[in-house]
Amino acid sequence: MGGRSAVLLAASLWLGILVGRRLDPAVAAVGVVLAVPLGVVGARARGRFGIALLVSSMALAGIARGGAGEAWLTRSAADLDGDPAPRWNAGRIVDHPWREADEPLAVVEVDRPLGSVPPGARVRVRLPPACDVEWGDRAELLATLDEPALARNPGGGSPRRSAHADGIVAQGRALIVRRLAPGSFAAPRATASRWRRAIEHCFERALTPEARELVTPLVVGDRSRLTPELGAELQAAGLTHLLALSGLHVAWLAELARRVIAVAGGGVRARAVAGAACAMFYAAIAGPLPSLMRAVATEILCGWARWLERPLDPLQALAVGTLALLAWAPGWADDLGFQLSCAATLGLITVGAGLTRALTRGRRPRLAWFCAPLVPTLAAQLAALPLLVARFSSLPWTTLAANLLAVPISGLLLAAAWLGVGLEALAPGLGHWALGACEVLASALRAVAEAAARAPLALLPVGHDPILVWLTGAGALLLVATALGPRHIEGKGPWSRPRVAALLGGAIAVALAVALAITACPLRPPPGRWWLVALDVGQGDALALGFERGWWLVDTGPRSPRSDAGVQVVLPFLRWAGVRQLEGLVLTHDHIDHTGGADAVLRGLPVRQRFAPAALPGLPGPGARYHARLVARGQVLAERPRILVAWPPHDTAFANPNPNLGSLVLEVGEGAARALLAADVDSAAEAALEIAPHVAVLKVAHHGARSSSGRAFLFHMCFHDAVVSCGRRNPFGHPDEGAIARLVASGAAVHRTDREGAVWLELGPDRARVVPWQRASAWNRERAPTPEATGARAAPARAAPLARPEPRW
């Protein structure tokens with residue numbers, strides 16, 4: 001085999017792994033039986049027939065490999081029965097723990113099971129703050145472990161699939177860690193750990209926390225200190241890739257090493273060894289991150305080719321490196337970082353190289369000079385576009401301008417950081433000026449990200465229409481194939497008719513995809529109906545209301561130093577639904593579990609109207625902080641369907657200044673299609689509500705607390721469905737068993753976000769029906785647990801899957 005056949009083999013293996021991970025293990029195992037004879041025959045055959053057999057054999061081997069890996073992960077997690085009791089396990093730390101956050105995060109490979117995890121399984125645990133175990137250490141851990149959850153919200157990723165991509169079976173928290181005797185070959189890992197900790201200590205001493213937030217992930221990949229706000233800004237600006245260790249970091253360090261060796265008089269082979277050694281050094285410092293290992297493998301292959309004094313096509317190097325990595329870690333085929341790294345690199349060496357050649361051969365040097373800086377970003381974004389659309393349901397339209405400024409700044413920041421670390425290693429204080437430059441460069445990078453993210457709809461929501469994903473995928477594939485073309489020694493050759501057709505087809509497909517993205521319409525309920533979506537934001541509330549005229553949001557979920565429901569749940573859902581403007585935002589009261597994500601939502605989407613409870617004695621409320629209109633009982637916020645404020649009354653003085661008592665309670669809809677959103681009020685406020693009975697849906701007050709959902713109130717109102725929004729294993733014990741018993745006794749079908757994930761209800765003349773949102777997801781193919789499996793009572797009817805809106809041309 002010759003030419004670029006490795007590209008076909010890598011693509012077939014990758015596709016086979018993806019298919020095998022989603023097939024029944026017994027079906028996937030058949031691939032082994034067929035792969036071996038096809039591979040033997042294909043190796044002996046010649047020409048295209050032999051290549052076709054080898055490609056088929058590789059695809060079948062990938063199916064078998066992916067199916068076996070997924071089956072093993074599933075079996076390993078079978079004994080995790082959800083019991084929160086801590087259990088002992090012993091194992092080895094297989095990666096550098098992330099220590100920038102308050103609690104270190106480590107991956108442990110169990111080698112002596114004392115609990116429910118089998119040998120060889122990997123678990124991700126948060127360590128006690130003072131724990132100092134390092135990569136390669138063996139330890140015993142008393143930890144609470146649980147299987148990662150399935151997809152919990154529309155538009156959100158699947159924690160379980162992401163964990164399985166890294167080979168993670170369970171996750172949890174370690175309460176006690178006891179270091180054991182080190183295992184074999186611990187010295188190299190211990191040395192790498194000391195180097196990494198020295199680098200982190202240097203940054204901790206010399207940099208401010210704001211600069212460390214960018215410098216540490218840029219150099220060693222530890223993003224645990226990254227705040228949700230900065231992460232959202234980088235994503236909106238299309239700059240997240242700068243902090244994902246990949247080819248940019250490895251290529252920079254390897255090129256620096258090669259130039260130093262060249263200045264010292266080293267030959268081609270010496271420079272090749274220096275580049276490969278720097279790549280392996282970076283892997284030792286940062287750990288086996290998928291995107292970084294892709295770049296390391298490519299650099300080592302290129303160095304090997306230089307040592308042998310043989311030419312190596314960059315595309316061939318990418319394919320061979322990807323092939324080797326997927327054979328070693330098949331789960332990386334599902335890793336989004338690895339996918340984006342490979343796609344961006346493919347775009348750079350195909351579309352980027354083609355555009356560069358076209359510009360250099362043109363007769364307009366000024367145009368070439370102007371467009372040349374945009375080519376790398378344009379080529380990488382074009383190749384990664386299908387993944388971005390499928391996973392994030394949005395397009396970062398400011399990314400070209402942002403990357404034009406941010407990429408040089410990040411390159412200088414990376415150089416200054418490494419130079420400062422090197423000088424500090426020679427003599428403490430010698431690198432002070434370089435680390436001081438890091439402060440300026442980090443501030444500049446942050447300013448670029450903030451400016452790009454503040455542009456109107458910097459992340460343009462495009463919805464989840466699979467036609468858009470297929471169009472972008474077909475366009476990118478055709479343009480990549482066009483840029484490849486036949487190889488010629490002079491770098492140019494005639495354009496065949498198929499190549500011209502591929503260019504035109506790719507350009508048309510991308511243009512149609514862009515037009516479809518720009519004109520995408522948000523999801524709308526059927527005529528005469530409306531939607532209530534209780535998002536799973538953990539211990540908090542975030543309710544999305546979908547009407548024919550647009551979408552409303554009632555509360556925005558919680559926020560903590562490590563998470564923001566607005567960034568991680570609410571905005572991804574709204575982008576998945578194609579929402580580009582909120583008709584109204586209602587903040588029921590001033591508690592962080594209800595208003596925590598408000599800042600992120602207001603940054604991410606325009607909001608026409610904002611509402612909050614009126615300021616009461618001792619209860620100022622969130623109105624002034626968010627510039628919201630203050631409302632009280634009897635006021636109508638919207639018509640068709642009607643949104644009526646049912647609580648609190650005007651000028652009421654509460655004896656206990658608790659924001660829960662002054663929560664906004666809303667009655668939404670009319671007739672049989674009404675819902676009562678009870679916020680966090682108690683049973684006394686429920687009894688004082690002036691609401692007509694026979695309401696279809698109750699958003700249970702105060703997350704199902706004991707003080708709410710009074711028996712008389714429930715039996716008087718006769719709710720058809722009740723939705724409890726609460727976090728799994730929350731510290732408050734919500735929902736209360738007595739409250740759930742009262743809801744069930746009243747005849748309501750109970751839905752819980754801690755067990756079912758997001759609850760999507762469609763309300764109409766026939767009351768409420770459950771919408772199976774999992775079927776409408778173009779990215780997640782997993783089924784969330786049914787209400788029967790979680791112990792909740794199911795609603796008697798289910799609505800049809802979501803209908804996608806027609807594009808507005």
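E109 is partly exposed, with a relative accessible area of 22%, and R122 is likewise partly exposed at 29% (buried means under 20% relative accessible area, exposed over 50%, partly exposed in between, with a 1.4 Å probe and protein chains only). The model is predicted: local features need pLDDT of at least 70, side-chain atom pairs count only at pLDDT 80 or more, and totals for chains, interfaces and linings use all residues. Residues are numbered from 1 along each chain as its sequence is written, and side-chain values use heavy atoms, without hydrogens and water.

**Salt bridges**
- The structure holds 38 salt bridges, each a side-chain nitrogen of Lys or Arg within 4 Å of a carboxyl oxygen of Asp or Glu.
- One of them joins the side chains of E109 and R122, at 3.1 Å from N to O.
- K699 and D541 meet at 2.6 Å, N to O, and both residues are buried.
- R674 pairs with E667, their closest N and O atoms being 2.9 Å apart; R674 is buried at 8% relative accessibility, and E667 is buried at 6%.

**Domain 2 and domain 3**
- Domain 2 covers 87-181 and domain 3 covers 200-334 + 396-456, bounds that come from an automatic or database domain assignment.
- The C-alpha centres of these two domains lie 26 Å apart.
- There is 1 salt bridge between domain 2 and domain 3.
- R161 forms a salt bridge with D334, with 3.5 Å between the closest N and O atoms.
- A network of salt bridges links R21, R22, E70, R161 and D334.
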